[in-house]
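Subject: Structure for you to look at

Hello,

Here is the structure I promised to pass on. Please open it next to these notes.

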Amino acid sequence: SQVLPRPAPARMEDGGPLPDLKDIKGQESAKRALEIAAGRVGAISRVHRHFCKADGERTSCIAFLRRLCADLSSILTHGIEVEGDEVEIPARSIQPIGLIVNELATNAAKHARGRIAVTLRKADRLCEMRVSDEGDGLPADFDPAASKGLGMRVVTLLAGKLGGSLSCGPNPRGRGACFTVSFAPDGGTEA
C-alpha cells in the first residue's frame, strides 16, 4: 500500500484553518450551522487582530471602533458609521467591546436595511456605546437577557465583563433598533 501525503488545510488570511463546507453532502441544516460557526470563528479572528494592535495600558476606544468598523464594513458589504467621544480605556476592555460591536453590527447587516451606526459617548463616570440600525426594529417584548440566540447571550455576558449592562429599544433617530452597552471606562474586573 502507498501512503499519500495529507493535503495542507485551507487557511484564512490571518492563519486560521477554514473548513471546506462544499464537501458536506445532505443535511442542509447541519451545513448552515457549520457556515454560521465558521463565520463566528472568522469574526473572532478579525476582532483579535484589532485588539492585538492596542498599545500600552490604555487605548483610544473611538480609534479602535473606527478601525474595527472599517474592516467590518468591507466584510459585511454594509456601511457602518462611527462617531463619538475620545475615551481612553484599559487595553483589556478592547476584546469585549470589539466582540460586542462585531455581533451587533453583523446582526444589523443581516436583519436591517439602511444605516448602521456605532456611537460612543462619555458622560460623568459612564460610557455609553450604541449600535443602531434602520430596520424594522425589535418585537415589543424583546429582552436580550432572555434571548435564546447565542449571539445575544454572548453580548450580554461581554457587557457584564465590562462591568456594564446591555439594553435595547427603538432607534432614537427614528426607524430601527438600538442596542446600548453602558460601562465604566475603567472596565470590569475580568479580562
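Five strands form an open sheet in the order β2-β4-β5-β7-β6, with mixed pairing. This is a predicted model: local features need pLDDT of at least 70, side-chain atom pairs count only at pLDDT 80 or more, and totals for chains, interfaces and linings use all residues. Residues are numbered from 1 along each chain as its sequence is written, and side-chain values use heavy atoms, with hydrogens and water left out.

The sheet

Two strands pair if DSSP finds at least two bridges between them. Helices (H or I, at least four residues) and strands (E, at least two) are DSSP runs, numbered from the N terminus. β2 and β6 (165–170) stand at the edges of the sheet. Each has a single partner strand, so one side of each has no neighbour in the sheet. The twist averages 15° from one strand to the next. Angles run from 0 to 180 degrees between N-to-C directions, and axes are lines fitted to C-alpha atoms, for helices over the stretch in contact.

Start with β2 (residues 80–84) and β4 (residues 116–123). They run parallel and are joined by five bridges. G84 has L120 as its bridge partner in β4. E81 stands opposite A117 in β4.

Next comes β5 (residues 126–132). It runs antiparallel to β4, with seven bridges between the two. K122 has its bridge partner in β5, namely C127. β4 and β5 form a hairpin, and two residues lie between them. In the turn, D124 has a positive phi of about 55°.

The helices

Helix α2 (residues 61–76) lies across β2, β4 and β5. It runs at about 175° to β2. α4 lies across β6 and β7, at about 130° to β6. Contact here means heavy atoms within 4.5 Å.

α3 has 18 residues and reaches 26 Å from its first C-alpha to its last, close to the 26 Å expected at 1.5 Å a residue. The expected span is 1.5 Å times one less than the number of residues. How many residues of α3 are buried? The count is 13 of the 18, so α3 is largely enclosed by the rest of the structure. Buried means under 20% relative accessible area, exposed over 50%, and partly exposed in between (1.4 Å probe, protein chains only).

Salt bridges

The structure holds eight salt bridges. The criterion is a side-chain nitrogen of Lys or Arg within 4 Å of a carboxyl oxygen of Asp or Glu. Three of them are described below.

D186 and R58 meet through their side chains (3.4 Å, N to O). D186 lies in the segment after β7 and R58 in strand β1 (residues 58–60), so the pair ties together parts that are 128 residues apart in sequence. D186 is partly exposed at 48% relative accessibility. R58 is also partly exposed, at 37%.

R115 forms a salt bridge with E81, and the closest N and O atoms are 2.2 Å apart. R115 is in the loop between α3 (94–111) and β4, E81 is in strand β2, and the two are 34 residues apart. E81 counts as partly exposed at 40% relative accessibility.

R121 forms a salt bridge with E83, with the closest N and O atoms 3.3 Å apart. R121 is in β4 and E83 in β2, so the pair ties together parts 38 residues apart in sequence. Both ends are partly exposed: R121 has a relative accessible area of 35%, and E83 has 28%. E83 and R121 also belong to a network of salt bridges with D85 and R173.

The aromatic pair

A search of the whole structure finds one aromatic pair. Rings of Phe, Tyr and Trp (its six-membered ring) pair if their centres lie within 6.5 Å; planes under 30 degrees apart count as stacked, over 60 as edge-to-face and the rest as tilted. The rings of F142 and F179 have centres 6.2 Å apart and planes at 90°, so this pair is edge-to-face. F142 is in the loop between β5 and α4 (150–161), and F179 is in strand β7 (residues 177–183), 37 residues apart.

Best wishes
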